[in-house]
Amino acid sequence: MIKTRAMRAVILVLMFSLLATCFAYELRADGTFKVPKQNLLASFNSPGMKKKMSLDIRAMDIVNLLKFFATEGDLNIITSKNVSGPVNLLINNVTIADALEIVLALGDFAYEIRGNIITVMTSAEYKAAYGVEFYDQRHTVIYQLKYASVKNVAAMLGNIKSDIGKIVSDEATGTIVIIDTPFKIKEMDEVISKQELPTVNRVLPTQTKVFELKYAKVDAVKDEISKLLTTDIGSLRMDTRTNTLVITDLPFQIVKIETVIKAFDRRTREVFIEAKMVEVTLGDKFQWGVDWDYIQKLAKRWGGYTLAPAIHLPLALTNAFGQLTINSVSSDSLNAILQALDTVTETRILSNPHLTVEEGKEAKIQVIEKQPYQEQTTTTASGGTTTTANSYQWVNVGITLNVTPRINSEGYISMLIKPEVSSISTWYGGAAQTAGAVPVVKSANAETSVTIKDNTTIIIAGLIKDNKSKTVNKIPLLGDIPGIGKAFQNTTDEIIRTETIVFLTPRIVTGDKEFLLKKDMSKPIGGVRK
């Protein structure tokens, strides 16, 4: 009786070893093997799995047996409602992990491990959940051929595969997918390695297409196009003289590349900018700058005036109260604003430039005054004679406005605006225009980005400065007498505070139609918009 039991135990151990051999390894693409996902009980991180036991069980319900294993190995085992049936088991000095593998495999049961919980189910339930058989020996290997003919290799492998194996090939990409048992995959891997030789040239279904760029430069787009080329298949040639790209690649990839080229090679859009710079004299009513709330109420008499919320920018000018504000208003209401300003203060148009700039390029608008100053140069000759010469130098002061427009897909214009205002605050080394005196230039600048609709006017205000002037009042003739003439003169110093307001109206133009603006003419929309 003892010998019979020992022989049966040996047979069961041999059967388990055979099952472990069938299910414990999976072939990698490089020909090596690895443990498949489902056989993880032996490597399950639990001390109870390594506990060994000897059992002689006859017709015991599998659920009760699993409960016994769970108790002995301190495991968490859950069974589905369809797990049932008797189990006959005779083992000697076998770990719980090995015993579980034997029992579940012979009963055609599957399992999965999540965390520290083992869920046991029928093979049918596992296939319904994951779409594959739990004990399916087939594995998948993908080969990317560089030289051999995909069609010929696939035909050869079709004669080698097992009855349950499957070969899938794609001539366009040079791909072969093998689904079969590890043993058959190893055989087919040897066949592929002998066919994949550099001396064999596989005819690729490539396509060559010529792209002559109209607007973009080939140097600017070649790097982005190169990223889309199929590895070891696609190629790119370019000719900077004719601004042409010659691309060879698989047909489906050529379609993708053509889409990208169309996106890059589009006509450069342009923005027509009408600028109007107005100087406002700040009297008692607007001592600290133009009151735009008051102007808004006044401009409503002309109708159609709506002022967007201001964007306040810290811009320290000649006084602490100076602050740059940016608003937007409909271009149709621009005349109403100018009329409202003219009724409450003295206004003067400094400049009214019009310019067209490509999107993404910077446009510069300047209202500059060249201020002269004397520079003394002293020269000493070899004989000790000293000579002093005066020469005039010039310094630029005024307003500089850099504008960089960009157009989005919805027709909005995003403008990066960099205003700068400069003025002479004082003179170093003497009074103004005195020989040797150097002007001290004070400047302030800011930077902001504003997004507005096409044909909307941007108002940039807050560019305030003080202009010092000296007025001499004298009695005619008597005031000009040398020496005593000062008795008949009266000199007064006056500070006039002014604010420069910049109006910018950008319009999207296509460049294929003429668009000229003349002073005081209506601005047609036709032929302007994109």
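Because the model is predicted, local features need pLDDT of at least 70 and side-chain atom pairs count only at pLDDT 80 or more, while totals for chains, interfaces and linings use all residues. Residues are numbered from 1 along each chain as its sequence is written, and side-chain values use heavy atoms, with hydrogens and water left out.

Start with an open sheet of three strands, in the order S8-S10-S9 and with antiparallel pairing. Strands and helices here are DSSP runs numbered from the N terminus, a helix being H or I with at least four residues and a strand being E with at least two. Two strands pair if DSSP finds at least two bridges between them. Strand S8 (139-144) and strand S9 (166-170) are at the edges with a single partner strand each, so one side of each has no neighbour in the sheet. From one strand to the next the twist averages 15°. Axes are lines fitted to C-alpha atoms, for helices over the stretch in contact, and angles run from 0 to 180 degrees between N-to-C directions.

S9 and strand S10 (residues 175-180) run antiparallel and are joined by five bridges. Across this pairing, serine 169 is opposite isoleucine 176 in S10. Helix H6 (residues 182-195) packs on the sheet and touches S8, S9 and S10, where contact means heavy atoms within 4.5 Å. The direction of H6 makes about 155° with that of S10.

Next come the salt bridges. A salt bridge is a side-chain nitrogen of Lys or Arg within 4 Å of a carboxyl oxygen of Asp or Glu, and a search of the whole structure finds 12 of them. One of these joins lysine 51 to glutamate 72, with the closest N and O atoms 2.9 Å apart. This pair links distant parts of the chain, since lysine 51 is in the loop between S2 and S3 and glutamate 72 is in helix H2 (residues 62-73), 21 residues apart. Lysine 51 is partly exposed at 36% relative accessibility, and glutamate 72 is partly exposed at 32%. For these labels, buried means under 20% relative accessible area, exposed means over 50%, and partly exposed is in between (1.4 Å probe, protein chains only).

The loop that holds lysine 51 runs between strand S2 (33-34) and strand S3 (52-61), and serine 46 is found there too. Serine 46 is buried, with a relative accessible area of 11%. Not counting residues up to four places away in sequence, serine 46 touches Gly73 and Leu75.

Another salt bridge is formed by the side chains of glutamate 359 and arginine 269, at 3.1 Å from N to O. Glutamate 359 lies in the loop between strand S18 (354-358) and strand S19 (363-380), and arginine 269 in the loop between helix H8 (251-264) and S14, so the pair ties together parts that are 90 residues apart in sequence. Both glutamate 359 and arginine 269 are buried.

A further salt bridge, at 2.7 Å from N to O, is made by the side chains of glutamate 279 and arginine 348. Glutamate 279 lies in strand S14 and arginine 348 in strand S17 (residues 347-351), so this pair ties together parts that are 69 residues apart in sequence. Glutamate 279 counts as buried at 13% relative accessibility, whereas arginine 348 counts as partly exposed at 46%. Salt bridges that share partners join Arg266, Arg269 and Glu359 into one network.

Strand S14 (residues 270-281) also contains glutamate 270, which is partly exposed with a relative accessible area of 23%. The C-alpha atoms of glutamate 270 and glycine 360 are separated by 9.1 Å, although the residues are 90 apart along the chain.

Now look at the backbone. Most residues other than glycine have a negative phi. Aspartate 108, which is not a glycine, has a positive phi of about 60°. Aspartate 108 is in the loop between helix H3 (96-106) and strand S6 (109-114) and is partly exposed, at 45% relative accessible area. Asparagine 455 also has a positive phi, near 70°. Asparagine 455 is in the loop between strand S23 (448-453) and strand S24 (456-474) and is buried, at 18% relative accessible area.
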